[in-house]
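Please follow the nonpolar surface and the aromatic rings through the structure shown here.

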Amino acid sequence: MLALIMFSMGCTVEAAKLWGHIRRPWGIFIGFLCQFGIMPFTAFALALAFGVLPVQAVVIIIMGCCPGGTGSNIVCYWLDGDMDLSISMTACSSILALGMMPLCLLIYTNVWTSSDAIQIPYDSIGITLASLLIPIAVGMLVKRKWPKYAKKILKVGSIAGVFLIVIIAVVGGVLYQSSWSIAPSLWIIGTIYPFIGCSLGFLLALVVGQPWYRARTIALETGFQNSQLCSTIVQLSFTQDELDLMFSFPLIYSIFQIVAAIMFVAAYQIYKRNCSKSSAFADGDLPSLETGQENVAFEGKEKGKDGDKFTQLTEGHVSWRHF
């Protein structure tokens, strides 16, 4: 199911733009700083501030060291972010995690445990990377060869992606309901951590001069972690008694990722709808928050009495040209 959704997300990606991000990886570099700089340090600071147990501190840091999850790509679509940047950041963070996760764990977990005790499932990272890149590559091919079908696939996949995220959270909550009796501090950290990550990523992107739509993208890639990978790592590395104290944290984090996603998408869609009613939008001048390409894949020509009116979406604005 996830592969099919990533296939639909690939139908929004253009090879030329994706290659442009790889050739000039400024956005990817900012995402790298957020992913493996801000997030692990924030996890370390939260663990110290709340005085959690050592095993609980370790699972918080493991979550902070994980690469970005594929859920960020789905949410990025609904926030009209830079899909090419989102997918390239997710792929690059998964590749870089092979080296950066051991390094970050070595730096931040020595206060509580030896980093050698934590087993990183490189095969799971490889599977995640393959499940991301292969469907997206097929989706890019479909968009290039059959653009009309790509638009239809995108409509279905974007809606299915939302349902999949919610279903995963609900099923996880039911299956692991016996693990909900944990320290209140873990609940608080799991609740605020995704919001802190997104906020810091967004602010850093704006500080270095990234446009709003890319700042939204970087924010999502920062705050949305691969919680499934975190769960796999703790299962491989700790005893059952230790798991009882820590295993529910990745699930708590993933649930509040979804809560954050719902809040962000709802606020953005309301904002966009209000803007569409404003005179500025009617005149073709979008507010600065809309500085990007709207991810609706509904570009086309509309025939009127005076000829064809072509809607051209660019990165900086929406312009109308009459032929």
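Helix α3, which spans residues 26-50, supplies the largest share of the nonpolar patch, namely three residues. In this predicted model, the patch covers about 480 Å² of surface and is made by W26, F29, L33, V207 and V208. One of these residues, F29, lies in helix α3, and with a relative accessible area of 41% F29 is partly exposed, because that value falls between the 20% under which a residue counts as buried and the 50% over which a residue counts as exposed.

From the patch we turn to the aromatic rings. The structure holds nine aromatic pairs, and one of them joins Y193 and Y253, whose ring centres are 5.3 Å apart and whose planes stand at 75 degrees, so that the pair is edge-to-face. Since Y193 belongs to helix α9 (residues 184-207) and Y253 to helix α13 (residues 248-276), this pair ties together parts that are 60 residues apart in sequence. Both Y193 and Y253 are buried.

Y253 also pairs with F249, and here the ring centres are 6.4 Å apart while the planes make an angle of 50 degrees, so the pair is tilted; an angle over 60 degrees would be required for edge-to-face, and one under 30 degrees for stacked. F249 and Y253 both lie in helix α13, where four residues, about one turn of the helix, separate them. Like Y253, F249 is buried.

Elsewhere among the aromatic residues, F44, Y108 and W112 form one aromatic cluster.

Terms used:
Residues are numbered from 1 along each chain as its sequence is written. This is a predicted model: local features need pLDDT of at least 70, side-chain atom pairs count only at pLDDT 80 or more; totals for chains, interfaces and linings use all residues. Side-chain values use heavy atoms; hydrogens and water are left out. Patches are made of residues with over 30% relative accessible area and no salt bridge: like charges are joined within 9 Å, nonpolar side chains (Val, Leu, Ile, Met, Phe, Trp, Tyr) within 5 Å. Accessible areas come from the Shrake-Rupley method with a 1.4 Å probe; for residues, only the protein chains shown count as cover. A salt bridge is a side-chain nitrogen of Lys or Arg within 4 Å of a carboxyl oxygen of Asp or Glu. Helices (H or I, at least four residues) and strands (E, at least two) are DSSP runs, numbered from the N terminus. Buried means under 20% relative accessible area, exposed over 50%, partly exposed in between (1.4 Å probe, protein chains only). Rings of Phe, Tyr and Trp (its six-membered ring) pair if their centres lie within 6.5 Å; planes under 30 degrees apart count as stacked, over 60 as edge-to-face and the rest as tilted.
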